[in-house]
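The following report examines a single protein chain, residue by residue and then as a whole.

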Amino acid sequence: MSDQAQEQRTAFGSCTRRDHLIVAFTVLAFVVLAGRYALVTPIFEMPEEPWHLRRIAQTAAKDLPPGHASWAQAPEVSSVQVQPPLYYWLGAALVQFFDWDSDPSVYELNPHARLADLYGVTNCNAMLARVPVVPNGPLSMSVLALRLLSVLSGAVGLLFVYRLMLGFTMGRRWLAWTGMLMTGFLPGYTFLHSGISPVSLGSCFVLVAAYLAMRTASEAE
């Protein structure tokens, strides 16, 4: 085994109590911040969130609330339809317990919105709320549960960022923690891991796979 491989292997396998406390504090702070995003961002204002919710509903064989019928039949969004199905299966399992038929909210597509049209002068809002979404209503709670799934995925991903950085830096814990801190509080990472989107779960799986690949390679040398 080469000296470099030995250093990597040692880095992967050694964490002190102080390391665990620092990592736990960082992950907790991320969960609080991303959870805040998830709680205060109005429903459907995350990127492509309504379309991800609609595909989850289709996967769960559920109809969206009656007040959402006008956009439930709108044309598909290609970027959502080509996503792998695992996230939507998990989302469908989460929303099965909510009775959307009793939700009183009414949403309609904004006819002036042209999403992703970089050359048009448009209204930037994708939706118009005719009746405010009930905070504790079934649809709102479904969205919150799905957003918290994203927050959890981001937190798990952060743990593996730290483990990856330990390997890349040959056990330099302060560099690994710095990389984890910069990733966790990068606005884009926090925002994307607080909405309904398969990106959160996908990035988590990529980080886990990268860590396992590096760990396997270091042990094979």
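In this predicted model, S200 is in contact with S150, S153, L192 and H193, once its neighbours within four places in sequence are left aside. The residue lies in helix α10, which spans residues 198-220. Its relative accessible area is 0%, so S200 counts as buried, the limit being under 20%. One of its contacts is polar: the side chains of S200 and S150 are joined at 3.0 Å.

A charged pair is found elsewhere in the chain. Which side chains meet in a salt bridge? They are those of E49 and R147, with a distance of 2.8 Å from N to O. The count of salt bridges comes to one. This pair links distant parts of the chain, as E49 belongs to helix α3 and R147 to helix α7, 98 residues apart. Both E49 and R147 are buried.

The largest nonpolar core has 25 residues, and the members that touch the most others are I43, L53, I56, L64, Y87, W100 and I196. Two or more residues of this core come from each of α3 (49-59), α4 (69-72), α6 (86-95) and α7 (138-168).

The surroundings of I56 illustrate the packing. Beyond its neighbours within four places in sequence, I56 is in contact with Y87, Y88, G91, A92, V95, L146 and I196. Helix α6 has Y87, Y88, G91, A92 and V95 as its buried residues. Because these residues cover an arc of only 135° around the axis, they lie on the same side of α6. In general, an α-helix has 3.6 residues a turn, so residues three or four places apart point the same way.

A29 lies in helix α2 (residues 17-40), and T183 in helix α8 (residues 173-184). Each has a relative accessibility of 24%, which falls between the limits of 20% and 50%, and therefore A29 and T183 count as partly exposed. With residues up to four places away in sequence not counted, T183 touches L158, V161 and Y189. The table sets out a spatial relation for each of the two residues.

| Residue pair | Separation in sequence | C-alpha to C-alpha distance |
|---|---|---|
| A29 and L181 | 152 residues | 9.8 Å |
| T183 and Y162 | 21 residues | 9.6 Å |

The chain may now be considered as a whole. Its secondary structure comprises 10 helices and two strands. From the N terminus on, the order of the elements is α-α-α-α-α-α-β-β-α-α-α-α. How many of the 221 residues count as buried, as a percentage? The share is 41%. Among contacts with a separation of 6 or more, 77% are between residues 24 or more positions apart. The chain exposes about 11,900 Å², of which carbon and sulfur atoms supply 65%.

Terms used
Residues numbered from 1 in each chain as written. Predicted model: local features only at pLDDT ≥ 70, side-chain atom pairs only at ≥ 80, totals over all residues. Heavy atoms only, no water. Core = buried A, V, L, I, M, F, W, Y, C linked by side-chain atoms within 4.5 Å. Buried < 20%, exposed > 50% of the residue type's maximum accessible area, 1.4 Å probe, protein only. Helix = DSSP H or I, 4+ residues; strand = E, 2+ residues; numbered from the N terminus. Contact = heavy atoms within 4.5 Å. Arc of directions from axis to C-beta. Areas by Shrake-Rupley, 256 points an atom, 1.4 Å probe, with all protein chains shown as cover. Polar contact = N/O pair within 3.5 Å; in protein donor to acceptor, adjacent residues only side chain to side chain. Salt bridge = Lys/Arg side-chain N within 4 Å of Asp/Glu carboxyl O.
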